[in-house]
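Subject: Structure for you to look at

Hello,

Here is the structure I promised to pass on. Please open it first, then read my notes below.

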Amino acid sequence: MPRSEPPTRKRPGRSRGGSGARRAGRPQAAPAAPQREFALPETVTPALPAADAFDALDMPAVLVKTLAEQGVTEPFPIQAATLPNALAGRDILGRGRTGSGKTLAFGLALLARLAGRRAEPKAPLALVLVPTRELAQQVTTALTPYAAAVGLRLATVVGGLSIGRQADALRRGAEVLVATPGRLHDLIQRGDCLLGRVSVTVLDEADQMADMGFLPQVTALLDQVAPDGQRLLFSATLDRNIDRLVRGYLSDPVVHSVDPSAGAVTTMEHHVLHVMDETDKKAVAVRIAARDGRVIMFVDTKRGADRFAKRLLSNGVRAAALHGGRTQPQRTRTLDQFKNGQVTALVATNVAARGIHVDDLDLVVNVDPPTDHKDYLHRGGRTARAGATGSVVTLVLPEQKKEMAQLMSDAGIRPRTTRISSGDPELARLTGAREPSGVAVTVEAPPAERPAPRQRAKAKSPARAKPATGTRPEGRQPRTDAAAGNGAGAGRSGGGRSGARRRPRRPARPAN
Ligand SMILES: Nc1ncnc2c1ncn2[C@@H]1O[C@H](COP(=O)(O)OP(=O)(O)OP(=O)(O)O)[C@@H](O)[C@H]1O
Ligand SMILES: [Mg+2]
(Lines give C-alpha, C1' and ligand atoms only; values in the text may rest on other atoms or scores of the structure.)
(Ligands and ions follow the chains in the order given, each with its own letter.)
Protein backbone atom coordinates (compact mmCIF):
# COMPACT_ATOMS: atom_id res chain seq x y z
CA MET A 1 0.00 0.00 0.00
CA PRO A 2 1.10 3.56 -0.45
CA ARG A 3 2.71 5.31 2.42
CA SER A 4 0.27 7.08 4.68
CA GLU A 5 0.36 10.84 4.62
CA PRO A 6 -0.47 13.23 7.47
CA PRO A 7 -3.88 14.94 7.44
CA THR A 8 -4.45 17.96 5.25
CA ARG A 9 -4.54 21.66 5.95
CA LYS A 10 -5.63 24.56 3.83
CA ARG A 11 -3.29 25.28 0.93
CA PRO A 12 -1.11 28.31 1.61
CA GLY A 13 -0.84 31.26 -0.76
CA ARG A 14 1.31 30.55 -3.77
CA SER A 15 4.62 32.23 -4.12
CA ARG A 16 6.91 31.83 -7.08
CA GLY A 17 10.56 32.32 -7.55
CA GLY A 18 12.01 30.20 -4.85
CA SER A 19 10.25 30.97 -1.61
CA GLY A 20 7.50 28.39 -1.93
CA ALA A 21 9.58 25.28 -1.80
CA ARG A 22 12.67 24.41 0.12
CA ARG A 23 15.97 24.10 -1.56
CA ALA A 24 16.73 20.59 -2.61
CA GLY A 25 20.02 19.29 -3.78
CA ARG A 26 21.87 18.49 -0.59
CA PRO A 27 23.82 15.29 -0.81
CA GLN A 28 21.90 12.34 0.54
CA ALA A 29 23.29 11.12 3.82
CA ALA A 30 21.70 7.68 3.86
CA PRO A 31 24.47 5.16 3.21
CA ALA A 32 22.23 2.82 1.23
CA ALA A 33 21.24 5.48 -1.26
CA PRO A 34 22.92 5.67 -4.64
CA GLN A 35 25.61 8.30 -4.89
CA ARG A 36 23.67 10.78 -6.89
CA GLU A 37 20.56 10.52 -4.76
CA PHE A 38 19.39 13.91 -3.65
CA ALA A 39 17.24 15.25 -0.89
CA LEU A 40 13.69 15.86 -2.04
CA PRO A 41 12.14 19.12 -0.88
CA GLU A 42 10.01 18.95 2.21
CA THR A 43 6.29 19.56 2.17
CA VAL A 44 5.22 22.36 4.48
CA THR A 45 1.47 21.90 4.35
CA PRO A 46 0.72 18.28 5.21
CA ALA A 47 -0.53 16.13 2.40
CA LEU A 48 -3.90 14.41 2.20
CA PRO A 49 -3.85 10.72 3.08
CA ALA A 50 -3.60 8.15 0.33
CA ALA A 51 -6.83 6.84 -1.20
CA ASP A 52 -7.44 3.12 -1.16
CA ALA A 53 -9.90 3.07 -4.05
CA PHE A 54 -10.66 5.13 -7.14
CA ASP A 55 -14.24 5.68 -6.02
CA ALA A 56 -12.99 7.24 -2.80
CA LEU A 57 -11.47 10.06 -4.84
CA ASP A 58 -13.06 13.36 -5.65
CA MET A 59 -13.40 12.50 -9.35
CA PRO A 60 -16.36 12.46 -11.74
CA ALA A 61 -18.09 9.06 -11.49
CA VAL A 62 -17.72 8.62 -15.22
CA LEU A 63 -13.94 8.52 -14.82
CA VAL A 64 -14.22 5.73 -12.26
CA LYS A 65 -16.53 3.88 -14.65
CA THR A 66 -14.04 4.31 -17.50
CA LEU A 67 -11.20 3.03 -15.32
CA ALA A 68 -13.19 -0.13 -14.68
CA GLU A 69 -13.94 -0.49 -18.39
CA GLN A 70 -10.21 -0.26 -19.07
CA GLY A 71 -9.53 -2.97 -16.50
CA VAL A 72 -7.96 -0.53 -14.05
CA THR A 73 -9.63 -1.50 -10.82
CA GLU A 74 -7.32 -0.41 -8.00
CA PRO A 75 -5.01 2.55 -7.79
CA PHE A 76 -1.31 1.81 -7.94
CA PRO A 77 0.63 3.28 -5.00
CA ILE A 78 1.75 6.45 -6.75
CA GLN A 79 -1.81 7.07 -7.92
CA ALA A 80 -3.26 6.39 -4.46
CA ALA A 81 -0.77 8.76 -2.88
CA THR A 82 -0.77 11.65 -5.31
CA LEU A 83 -4.33 11.74 -6.66
CA PRO A 84 -6.03 13.04 -3.50
CA ASN A 85 -3.55 15.91 -3.41
CA ALA A 86 -3.47 16.60 -7.12
CA LEU A 87 -7.27 16.60 -7.20
CA ALA A 88 -7.22 19.14 -4.38
CA GLY A 89 -5.05 21.39 -6.53
CA ARG A 90 -1.72 20.87 -4.79
CA ASP A 91 1.55 20.95 -6.67
CA ILE A 92 3.18 17.50 -6.81
CA LEU A 93 6.70 16.23 -7.12
CA GLY A 94 6.27 12.53 -7.70
CA ARG A 95 8.81 9.79 -8.08
CA GLY A 96 7.57 6.32 -8.87
CA ARG A 97 9.52 3.52 -10.42
CA THR A 98 9.23 2.78 -14.14
CA GLY A 99 5.90 1.23 -15.07
CA SER A 100 4.26 2.28 -11.81
CA GLY A 101 1.38 4.19 -13.39
CA LYS A 102 2.49 7.81 -13.34
CA THR A 103 0.57 8.63 -16.52
CA LEU A 104 -2.79 8.03 -14.88
CA ALA A 105 -1.54 9.67 -11.68
CA PHE A 106 -1.24 13.01 -13.42
CA GLY A 107 -3.72 12.30 -16.22
CA LEU A 108 -6.74 11.53 -14.06
CA ALA A 109 -6.02 14.54 -11.89
CA LEU A 110 -5.90 16.99 -14.73
CA LEU A 111 -8.92 15.53 -16.52
CA ALA A 112 -10.99 15.52 -13.34
CA ARG A 113 -10.04 19.09 -12.57
CA LEU A 114 -10.87 20.26 -16.08
CA ALA A 115 -14.12 18.31 -16.50
CA GLY A 116 -16.95 20.59 -17.62
CA ARG A 117 -14.65 23.37 -18.85
CA ARG A 118 -14.30 24.44 -22.45
CA ALA A 119 -11.18 25.85 -24.07
CA GLU A 120 -11.25 28.89 -26.33
CA PRO A 121 -9.55 28.42 -29.71
CA LYS A 122 -5.75 28.26 -29.39
CA ALA A 123 -5.91 28.46 -25.60
CA PRO A 124 -5.60 25.06 -23.92
CA LEU A 125 -6.38 24.69 -20.22
CA ALA A 126 -3.85 21.98 -19.36
CA LEU A 127 -0.39 21.25 -20.70
CA VAL A 128 1.59 18.01 -20.50
CA LEU A 129 5.21 18.44 -21.54
CA VAL A 130 7.21 15.34 -22.42
CA PRO A 131 10.69 14.84 -23.87
CA THR A 132 9.98 12.69 -26.93
CA ARG A 133 7.42 12.49 -29.67
CA GLU A 134 6.74 8.82 -29.01
CA LEU A 135 5.96 9.57 -25.41
CA ALA A 136 3.65 12.44 -26.37
CA GLN A 137 1.73 10.11 -28.61
CA GLN A 138 1.60 7.41 -25.98
CA VAL A 139 0.36 9.79 -23.25
CA THR A 140 -2.34 11.04 -25.61
CA THR A 141 -3.43 7.49 -26.39
CA ALA A 142 -3.43 6.51 -22.71
CA LEU A 143 -5.60 9.47 -21.73
CA THR A 144 -7.98 9.41 -24.70
CA PRO A 145 -10.72 7.17 -23.23
CA TYR A 146 -10.77 9.17 -20.01
CA ALA A 147 -10.79 12.53 -21.81
CA ALA A 148 -13.63 11.32 -24.01
CA ALA A 149 -15.58 10.23 -20.95
CA VAL A 150 -15.53 13.74 -19.50
CA GLY A 151 -15.94 15.46 -22.87
CA LEU A 152 -12.47 16.99 -23.02
CA ARG A 153 -10.51 17.38 -26.22
CA LEU A 154 -6.86 16.35 -26.45
CA ALA A 155 -4.34 17.70 -28.94
CA THR A 156 -0.80 16.48 -29.49
CA VAL A 157 1.93 18.72 -30.83
CA VAL A 158 5.28 17.20 -31.72
CA GLY A 159 7.97 17.81 -34.31
CA GLY A 160 8.26 15.86 -37.53
CA LEU A 161 4.54 15.99 -38.32
CA SER A 162 2.44 18.64 -40.01
CA ILE A 163 2.52 21.83 -37.96
CA GLY A 164 -0.47 23.08 -39.94
CA ARG A 165 -2.64 20.21 -38.75
CA GLN A 166 -1.54 20.76 -35.19
CA ALA A 167 -2.39 24.47 -35.51
CA ASP A 168 -5.81 23.48 -36.88
CA ALA A 169 -6.45 21.24 -33.86
CA LEU A 170 -5.55 24.09 -31.54
CA ARG A 171 -7.78 26.48 -33.46
CA ARG A 172 -10.69 24.08 -33.12
CA GLY A 173 -10.04 24.10 -29.40
CA ALA A 174 -8.41 21.53 -27.15
CA GLU A 175 -8.63 21.54 -23.39
CA VAL A 176 -5.55 19.34 -22.94
CA LEU A 177 -2.37 19.81 -24.91
CA VAL A 178 0.34 17.13 -24.89
CA ALA A 179 3.54 18.52 -26.34
CA THR A 180 7.26 18.33 -26.84
CA PRO A 181 8.77 21.72 -26.01
CA GLY A 182 10.30 22.68 -29.38
CA ARG A 183 7.17 22.26 -31.46
CA LEU A 184 5.04 23.99 -28.86
CA HIS A 185 7.48 26.89 -28.92
CA ASP A 186 7.13 27.07 -32.71
CA LEU A 187 3.33 27.10 -32.51
CA ILE A 188 3.40 29.86 -29.95
CA GLN A 189 5.79 31.87 -32.16
CA ARG A 190 3.37 31.49 -35.06
CA GLY A 191 0.53 32.76 -32.90
CA ASP A 192 -1.24 29.41 -33.02
CA CYS A 193 -1.16 28.75 -29.30
CA LEU A 194 -1.41 30.79 -26.12
CA LEU A 195 -0.60 29.33 -22.73
CA GLY A 196 -2.09 32.02 -20.49
CA ARG A 197 -5.17 29.91 -19.71
CA VAL A 198 -3.23 26.80 -18.77
CA SER A 199 -4.15 26.07 -15.16
CA VAL A 200 -2.58 22.60 -14.85
CA THR A 201 0.93 21.94 -16.15
CA VAL A 202 2.57 18.52 -16.07
CA LEU A 203 6.22 17.77 -16.66
CA ASP A 204 6.54 14.06 -17.30
CA GLU A 205 10.11 12.74 -17.10
CA ALA A 206 10.72 15.92 -15.13
CA ASP A 207 14.41 15.32 -14.53
CA GLN A 208 15.05 15.01 -18.24
CA MET A 209 13.02 18.14 -18.88
CA ALA A 210 15.39 19.86 -16.46
CA ASP A 211 18.47 18.77 -18.41
CA MET A 212 20.53 21.61 -19.79
CA GLY A 213 19.29 21.09 -23.32
CA PHE A 214 15.63 21.29 -22.38
CA LEU A 215 15.60 23.66 -19.45
CA PRO A 216 15.60 27.05 -21.24
CA GLN A 217 12.64 26.09 -23.40
CA VAL A 218 10.81 24.43 -20.55
CA THR A 219 11.19 27.44 -18.27
CA ALA A 220 10.18 29.75 -21.13
CA LEU A 221 6.97 27.74 -21.47
CA LEU A 222 6.36 27.54 -17.73
CA ASP A 223 6.71 31.33 -17.57
CA GLN A 224 3.75 31.62 -19.94
CA VAL A 225 1.21 29.44 -18.16
CA ALA A 226 -1.18 30.92 -15.60
CA PRO A 227 1.05 31.96 -12.69
CA ASP A 228 -1.29 30.60 -10.03
CA GLY A 229 -1.86 27.31 -11.82
CA GLN A 230 -1.07 23.82 -10.61
CA ARG A 231 2.19 22.07 -11.51
CA LEU A 232 2.78 18.33 -11.43
CA LEU A 233 6.30 16.95 -11.88
CA PHE A 234 6.78 13.22 -12.27
CA SER A 235 9.63 10.85 -13.07
CA ALA A 236 11.08 7.50 -12.07
CA THR A 237 14.32 9.30 -11.32
CA LEU A 238 14.51 12.68 -9.72
CA ASP A 239 17.85 14.24 -9.06
CA ARG A 240 19.29 17.62 -8.30
CA ASN A 241 18.75 18.65 -11.90
CA ILE A 242 15.21 19.52 -11.01
CA ASP A 243 16.22 21.92 -8.24
CA ARG A 244 15.65 24.95 -10.35
CA LEU A 245 12.22 23.83 -11.50
CA VAL A 246 11.20 22.94 -7.96
CA ARG A 247 12.37 26.22 -6.52
CA GLY A 248 11.05 28.36 -9.33
CA TYR A 249 7.79 26.73 -10.22
CA LEU A 250 6.42 24.58 -7.43
CA SER A 251 4.63 25.99 -4.45
CA ASP A 252 4.73 23.91 -1.27
CA PRO A 253 4.60 20.70 -3.30
CA VAL A 254 3.40 17.40 -1.98
CA VAL A 255 6.43 15.20 -2.45
CA HIS A 256 5.82 11.58 -3.09
CA SER A 257 8.58 9.07 -3.52
CA VAL A 258 7.58 5.44 -3.20
CA ASP A 259 11.10 4.19 -3.67
CA PRO A 260 13.90 4.89 -1.29
CA SER A 261 16.52 4.75 -4.01
CA ALA A 262 16.57 5.70 -7.65
CA GLY A 263 13.66 3.47 -8.45
CA ALA A 264 14.77 -0.10 -9.03
CA VAL A 265 11.86 -2.38 -9.82
CA THR A 266 11.65 -5.46 -7.62
CA THR A 267 10.22 -7.72 -10.32
CA MET A 268 13.20 -7.03 -12.57
CA GLU A 269 16.25 -9.29 -12.83
CA HIS A 270 19.56 -7.67 -13.64
CA HIS A 271 22.31 -9.54 -15.46
CA VAL A 272 25.71 -8.28 -16.42
CA LEU A 273 27.29 -10.51 -19.05
CA HIS A 274 31.02 -10.18 -19.49
CA VAL A 275 32.01 -10.83 -23.08
CA MET A 276 35.53 -11.32 -24.37
CA ASP A 277 35.72 -8.76 -27.15
CA GLU A 278 33.70 -6.87 -29.76
CA THR A 279 33.42 -9.88 -32.05
CA ASP A 280 32.06 -12.04 -29.29
CA LYS A 281 29.72 -9.28 -28.17
CA LYS A 282 28.21 -9.04 -31.66
CA ALA A 283 27.74 -12.80 -31.81
CA VAL A 284 26.10 -12.80 -28.37
CA ALA A 285 23.82 -9.90 -29.30
CA VAL A 286 22.72 -11.52 -32.55
CA ARG A 287 21.84 -14.77 -30.78
CA ILE A 288 19.84 -12.94 -28.14
CA ALA A 289 17.98 -11.00 -30.83
CA ALA A 290 17.06 -14.31 -32.50
CA ARG A 291 15.17 -15.45 -29.38
CA ASP A 292 11.60 -16.59 -29.59
CA GLY A 293 10.01 -13.38 -28.31
CA ARG A 294 10.48 -9.66 -28.45
CA VAL A 295 13.43 -7.71 -27.16
CA ILE A 296 14.54 -4.07 -27.06
CA MET A 297 18.25 -3.72 -27.67
CA PHE A 298 19.79 -0.39 -26.73
CA VAL A 299 22.84 0.96 -28.50
CA ASP A 300 24.70 4.26 -28.25
CA THR A 301 24.47 5.80 -31.67
CA LYS A 302 22.08 6.18 -34.54
CA ARG A 303 24.60 4.70 -36.93
CA GLY A 304 25.22 1.83 -34.54
CA ALA A 305 21.47 1.17 -34.40
CA ASP A 306 21.15 1.13 -38.19
CA ARG A 307 24.15 -1.12 -38.59
CA PHE A 308 23.04 -3.61 -35.98
CA ALA A 309 19.47 -3.74 -37.29
CA LYS A 310 20.86 -4.43 -40.78
CA ARG A 311 23.07 -7.19 -39.44
CA LEU A 312 20.09 -8.76 -37.69
CA LEU A 313 17.92 -8.62 -40.81
CA SER A 314 20.63 -10.29 -42.84
CA ASN A 315 20.79 -13.01 -40.19
CA GLY A 316 17.07 -13.65 -40.33
CA VAL A 317 15.87 -11.60 -37.34
CA ARG A 318 12.94 -9.27 -37.92
CA ALA A 319 14.64 -6.15 -36.61
CA ALA A 320 14.23 -2.40 -37.02
CA ALA A 321 16.06 0.64 -35.76
CA LEU A 322 14.45 3.46 -33.79
CA HIS A 323 16.42 6.67 -33.37
CA GLY A 324 16.28 10.42 -33.79
CA GLY A 325 17.75 10.33 -37.30
CA ARG A 326 14.69 8.67 -38.79
CA THR A 327 11.59 10.51 -39.96
CA GLN A 328 8.66 10.62 -37.60
CA PRO A 329 6.45 8.42 -39.78
CA GLN A 330 9.26 5.84 -39.81
CA ARG A 331 9.65 6.07 -36.05
CA THR A 332 5.95 5.70 -35.44
CA ARG A 333 5.67 2.77 -37.80
CA THR A 334 8.66 1.00 -36.30
CA LEU A 335 7.25 1.27 -32.80
CA ASP A 336 3.86 0.07 -34.01
CA GLN A 337 5.48 -2.89 -35.75
CA PHE A 338 7.33 -3.77 -32.59
CA LYS A 339 4.15 -3.55 -30.55
CA ASN A 340 2.20 -5.74 -32.97
CA GLY A 341 4.99 -8.30 -33.32
CA GLN A 342 5.95 -7.66 -36.97
CA VAL A 343 9.31 -6.58 -35.61
CA THR A 344 10.74 -8.74 -32.85
CA ALA A 345 14.04 -6.99 -32.15
CA LEU A 346 13.85 -3.23 -31.71
CA VAL A 347 17.30 -1.69 -31.90
CA ALA A 348 17.01 1.68 -30.25
CA THR A 349 18.99 4.60 -28.95
CA ASN A 350 17.93 6.41 -25.79
CA VAL A 351 15.03 7.89 -27.73
CA ALA A 352 13.10 4.82 -26.59
CA ALA A 353 14.52 4.77 -23.07
CA ARG A 354 11.90 6.84 -21.30
CA GLY A 355 8.22 6.34 -20.78
CA ILE A 356 7.56 3.97 -23.69
CA HIS A 357 5.23 1.14 -22.75
CA VAL A 358 5.11 -2.12 -24.69
CA ASP A 359 2.87 -4.83 -23.26
CA ASP A 360 4.46 -8.11 -22.19
CA LEU A 361 8.03 -7.20 -23.00
CA ASP A 362 10.20 -9.44 -20.83
CA LEU A 363 13.74 -8.60 -21.97
CA VAL A 364 15.78 -5.45 -22.43
CA VAL A 365 19.38 -5.73 -23.58
CA ASN A 366 22.02 -3.04 -23.30
CA VAL A 367 24.24 -3.94 -26.23
CA ASP A 368 26.18 -0.80 -25.42
CA PRO A 369 26.12 -0.10 -21.70
CA PRO A 370 24.24 3.04 -20.70
CA THR A 371 26.29 6.03 -19.66
CA ASP A 372 24.78 6.56 -16.25
CA HIS A 373 22.51 4.90 -13.74
CA LYS A 374 19.50 6.98 -14.75
CA ASP A 375 19.76 5.80 -18.34
CA TYR A 376 20.12 2.27 -17.01
CA LEU A 377 16.94 2.52 -14.94
CA HIS A 378 14.89 4.05 -17.71
CA ARG A 379 16.12 1.68 -20.41
CA GLY A 380 15.59 -1.32 -18.17
CA GLY A 381 12.22 0.07 -17.14
CA ARG A 382 10.78 -0.85 -20.55
CA THR A 383 10.37 -4.31 -19.04
CA ALA A 384 8.90 -5.49 -15.74
CA ARG A 385 6.16 -2.86 -15.87
CA ALA A 386 2.98 -2.68 -13.87
CA GLY A 387 3.97 -5.64 -11.69
CA ALA A 388 5.10 -7.91 -14.53
CA THR A 389 8.48 -9.63 -14.44
CA GLY A 390 11.37 -9.06 -16.80
CA SER A 391 15.13 -9.10 -17.22
CA VAL A 392 17.70 -6.51 -18.13
CA VAL A 393 20.88 -7.85 -19.66
CA THR A 394 23.95 -5.67 -20.16
CA LEU A 395 26.83 -6.80 -22.35
CA VAL A 396 30.12 -5.61 -20.93
CA LEU A 397 33.55 -5.61 -22.56
CA PRO A 398 36.63 -6.10 -20.37
CA GLU A 399 37.49 -2.38 -20.48
CA GLN A 400 33.95 -1.43 -19.42
CA LYS A 401 33.81 -3.57 -16.28
CA LYS A 402 34.88 -0.92 -13.82
CA GLU A 403 32.53 1.74 -15.11
CA MET A 404 29.67 -0.72 -15.14
CA ALA A 405 30.26 -1.70 -11.54
CA GLN A 406 30.13 1.97 -10.55
CA LEU A 407 26.96 2.52 -12.53
CA MET A 408 25.24 -0.42 -10.86
CA SER A 409 26.28 0.81 -7.47
CA ASP A 410 24.89 4.27 -8.32
CA ALA A 411 21.63 2.62 -9.34
CA GLY A 412 21.52 0.68 -6.07
CA ILE A 413 21.42 -2.60 -7.99
CA ARG A 414 23.33 -5.82 -7.41
CA PRO A 415 23.30 -7.61 -10.75
CA ARG A 416 24.15 -11.24 -11.38
CA THR A 417 27.42 -11.21 -13.26
CA THR A 418 28.33 -14.02 -15.64
CA ARG A 419 31.20 -14.57 -18.05
CA ILE A 420 29.65 -15.63 -21.27
CA SER A 421 30.39 -16.52 -24.88
CA SER A 422 27.95 -16.79 -27.75
CA GLY A 423 27.50 -20.56 -27.70
CA ASP A 424 27.14 -20.77 -23.94
CA PRO A 425 24.04 -22.69 -22.73
CA GLU A 426 23.81 -20.19 -19.87
CA LEU A 427 23.21 -17.43 -22.42
CA ALA A 428 20.30 -19.40 -23.83
CA ARG A 429 18.94 -20.02 -20.34
CA LEU A 430 19.08 -16.36 -19.34
CA THR A 431 17.81 -14.78 -22.52
CA GLY A 432 16.35 -17.45 -24.80
CA ALA A 433 19.28 -16.83 -27.18
CA ARG A 434 19.50 -19.17 -30.16
CA GLU A 435 21.15 -19.50 -33.52
CA PRO A 436 19.44 -17.22 -36.07
CA SER A 437 18.16 -18.80 -39.27
CA GLY A 438 20.80 -17.04 -41.34
CA VAL A 439 18.23 -16.46 -44.09
CA ALA A 440 17.89 -12.74 -44.69
CA VAL A 441 14.50 -11.18 -43.99
CA THR A 442 12.99 -7.77 -44.65
CA VAL A 443 10.47 -5.77 -42.70
CA GLU A 444 8.34 -3.99 -45.25
CA ALA A 445 7.64 -0.27 -45.06
CA PRO A 446 4.28 0.72 -46.52
CA PRO A 447 5.05 2.79 -49.66
CA ALA A 448 2.98 5.72 -48.40
CA GLU A 449 5.40 6.18 -45.57
CA ARG A 450 8.42 7.10 -47.62
CA PRO A 451 9.92 10.24 -46.07
CA ALA A 452 9.06 13.61 -47.57
CA PRO A 453 11.74 15.03 -49.93
CA ARG A 454 13.12 17.49 -47.41
CA GLN A 455 13.33 14.87 -44.71
CA ARG A 456 15.32 12.63 -47.04
CA ALA A 457 17.63 15.50 -47.89
CA LYS A 458 18.09 16.23 -44.22
CA ALA A 459 18.89 12.66 -43.39
CA LYS A 460 21.73 12.81 -45.91
CA SER A 461 23.17 16.08 -44.67
CA PRO A 462 25.59 15.54 -41.84
CA ALA A 463 25.62 19.27 -41.13
CA ARG A 464 21.93 19.30 -40.44
CA ALA A 465 21.41 15.85 -39.05
CA LYS A 466 24.25 15.96 -36.57
CA PRO A 467 27.65 17.55 -36.70
CA ALA A 468 29.51 14.49 -35.49
CA THR A 469 30.19 11.33 -37.41
CA GLY A 470 27.41 9.33 -35.87
CA THR A 471 29.61 7.55 -33.40
CA ARG A 472 28.80 9.91 -30.56
CA PRO A 473 26.30 8.56 -28.06
CA GLU A 474 22.86 9.92 -28.87
CA GLY A 475 22.07 10.73 -25.32
CA ARG A 476 25.29 12.66 -24.85
CA GLN A 477 25.20 15.19 -27.63
CA PRO A 478 24.35 18.79 -27.09
CA ARG A 479 20.60 18.59 -26.80
CA THR A 480 19.65 18.98 -30.38
CA ASP A 481 16.56 17.25 -31.40
CA ALA A 482 18.54 14.14 -32.17
CA ALA A 483 19.70 13.94 -28.59
CA ALA A 484 16.18 14.09 -27.41
CA GLY A 485 15.28 11.86 -30.28
CA ASN A 486 13.01 14.40 -31.78
CA GLY A 487 14.70 15.47 -34.98
CA ALA A 488 14.98 19.23 -34.55
CA GLY A 489 15.51 19.94 -38.19
CA ALA A 490 12.66 17.77 -39.35
CA GLY A 491 10.52 19.31 -36.70
CA ARG A 492 11.02 22.78 -38.00
CA SER A 493 9.74 21.91 -41.39
CA GLY A 494 7.08 19.81 -39.77
CA GLY A 495 6.35 18.16 -43.08
CA GLY A 496 5.05 21.49 -44.36
CA ARG A 497 5.05 22.39 -48.02
CA SER A 498 7.98 24.77 -47.75
CA GLY A 499 10.04 21.73 -46.86
CA ALA A 500 12.51 21.72 -49.75
CA ARG A 501 13.81 25.22 -48.98
CA ARG A 502 17.16 25.24 -47.22
CA ARG A 503 17.33 27.29 -44.10
CA PRO A 504 20.39 28.60 -42.33
CA ARG A 505 21.49 26.31 -39.57
CA ARG A 506 20.12 27.24 -36.19
CA PRO A 507 21.70 26.73 -32.81
CA ALA A 508 21.09 23.42 -31.09
CA ARG A 509 17.63 23.25 -29.64
CA PRO A 510 15.71 20.66 -27.74
CA ALA A 511 12.83 18.47 -28.73
CA ASN A 512 10.01 19.58 -30.83
N1 LIG B 1 -4.03 1.19 -11.36
C2 LIG B 1 -3.62 0.45 -12.37
N3 LIG B 1 -4.00 -0.85 -12.50
C4 LIG B 1 -3.56 -1.61 -13.52
N5 LIG B 1 -2.75 -1.16 -14.50
C6 LIG B 1 -2.35 0.11 -14.44
C7 LIG B 1 -2.76 0.99 -13.38
N8 LIG B 1 -2.20 2.18 -13.59
C9 LIG B 1 -1.47 2.09 -14.72
N10 LIG B 1 -1.56 0.85 -15.23
C11 LIG B 1 -0.85 0.34 -16.42
O12 LIG B 1 0.53 0.24 -16.10
C13 LIG B 1 1.32 0.44 -17.26
C14 LIG B 1 2.46 1.41 -16.95
O15 LIG B 1 1.93 2.67 -16.67
P16 LIG B 1 2.69 4.03 -17.05
O17 LIG B 1 3.13 4.00 -18.48
O18 LIG B 1 1.84 5.15 -16.62
O19 LIG B 1 4.00 3.91 -16.13
P20 LIG B 1 5.03 5.04 -15.71
O21 LIG B 1 5.07 5.09 -14.24
O22 LIG B 1 4.71 6.30 -16.42
O23 LIG B 1 6.41 4.43 -16.24
P24 LIG B 1 7.71 5.18 -16.85
O25 LIG B 1 8.51 5.69 -15.68
O26 LIG B 1 8.43 4.12 -17.59
O27 LIG B 1 7.22 6.28 -17.71
C28 LIG B 1 0.39 0.93 -18.34
O29 LIG B 1 0.10 -0.15 -19.22
C30 LIG B 1 -0.87 1.31 -17.60
O31 LIG B 1 -2.03 1.16 -18.36
MG1 LIG C 1 5.62 7.45 -17.80
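**Pro-436 and its contacts**

Pro-436 touches Val-286, Ala-290, Asn-315, Gly-316 and Val-317, leaving aside residues up to four places away in sequence. Two residues are in contact if their C-beta atoms, placed from the backbone, lie within 7 Å. Take Asn-315: 121 residues separate Pro-436 from Asn-315 in sequence, yet their C-alpha atoms are 6.0 Å apart in space. Pro-436 sits in the loop between α15 (425-431) and α16 (453-460). Helices (H or I, at least four residues) and strands (E, at least two) are DSSP runs, numbered from the N terminus. Pro-436 has 19 other C-beta atoms within 10 Å, so it is partly exposed. The scale works like this: a residue is buried if 20 or more other C-beta atoms lie within 10 Å of its own, exposed if 12 or fewer, and partly exposed in between, with C-beta atoms placed from the backbone.

**How to read the model**

This is a predicted model: local features need pLDDT of at least 70, side-chain atom pairs count only at pLDDT 80 or more, and totals for chains, interfaces and linings use all residues. Residues are numbered from 1 along each chain as its sequence is written, while chains are lettered from A and ligands numbered from 1 in the order in which they are written.

**The whole protein**

The protein has 19 helices and 14 strands. Of its 512 residues, 54% are buried. Take the contacts with a separation of 6 or more: 80% of them join residues 24 or more positions apart.

**The core**

The largest nonpolar core has 136 residues. Such a core is a set of buried Ala, Val, Leu, Ile, Met, Phe, Trp, Tyr and Cys residues joined through C-beta atoms within 7 Å. Ala-289, Met-297, Leu-346 and Val-347 touch the most other members. Helix α3 (residues 102-114) gives the largest share, 9 residues. Why does this core lie between domain 1 and domain 2? Domain 1 (19-257) and domain 2 (268-431) both give residues to it, so it lies between them. The domain bounds come from an automatic or database domain assignment. Look at Val-347: among its contacts beyond four places in sequence are Met-297, Phe-308 and Ala-321.

**Around ligand 1**

There are 19 residues around ligand 1, and Thr-98, Gly-101, Lys-102, Thr-103 and Ala-386 come nearest. A residue is near a molecule or strand if its C-beta atom, placed from the backbone, lies within 6 Å of it. The shell has 6 nonpolar, 10 polar and 3 charged residues. For these classes, Ala, Val, Leu, Ile, Met, Phe, Trp, Tyr, Cys and Pro count as nonpolar, Asp, Glu, Lys and Arg as charged, and the others, Gly among them, as polar. The largest share of the shell, 3 residues, comes from α3. Domain 1 and domain 2 both contribute to this shell, so ligand 1's shell lies between them.

**Strands**

Two strands pair if DSSP finds at least two bridges between them. Strand β8 (residues 268-274) pairs with strand β13 (residues 390-396) in the parallel sense over 7 bridges. There, Glu-269 has Ser-391 as its bridge partner. β8 also runs parallel to strand β14 (residues 416-419), joined by 4 bridges. Leu-273 is bridged to Thr-418 in β14.

Now find strand β2 (residues 126-129). Ala-126 and Val-128 on one side and Leu-127 and Leu-129 on the other are all buried, so both faces are covered. In a regular strand the side chains alternate between the two faces of the sheet. β2 pairs in the parallel sense with strand β4 (residues 176-179) over 4 bridges. Another 4 bridges join β2 to strand β5 (residues 200-204), also parallel.

**Helix α2**

In helix α2 (residues 77-87), 9 of the 11 residues are buried, so the helix is largely enclosed by the rest of the structure. The cover includes β1 (92-95), α3, β6 (230-235) and β7 (254-257). Gly-89 follows α2 and has a positive phi, near 95°.

Most residues other than glycine have a negative phi. Asp-252 has a positive phi of about 40°. Asp-360 also has a positive phi, near 55°. Asp-360 counts as exposed, with 10 C-beta neighbours inside 10 Å.

Best wishes
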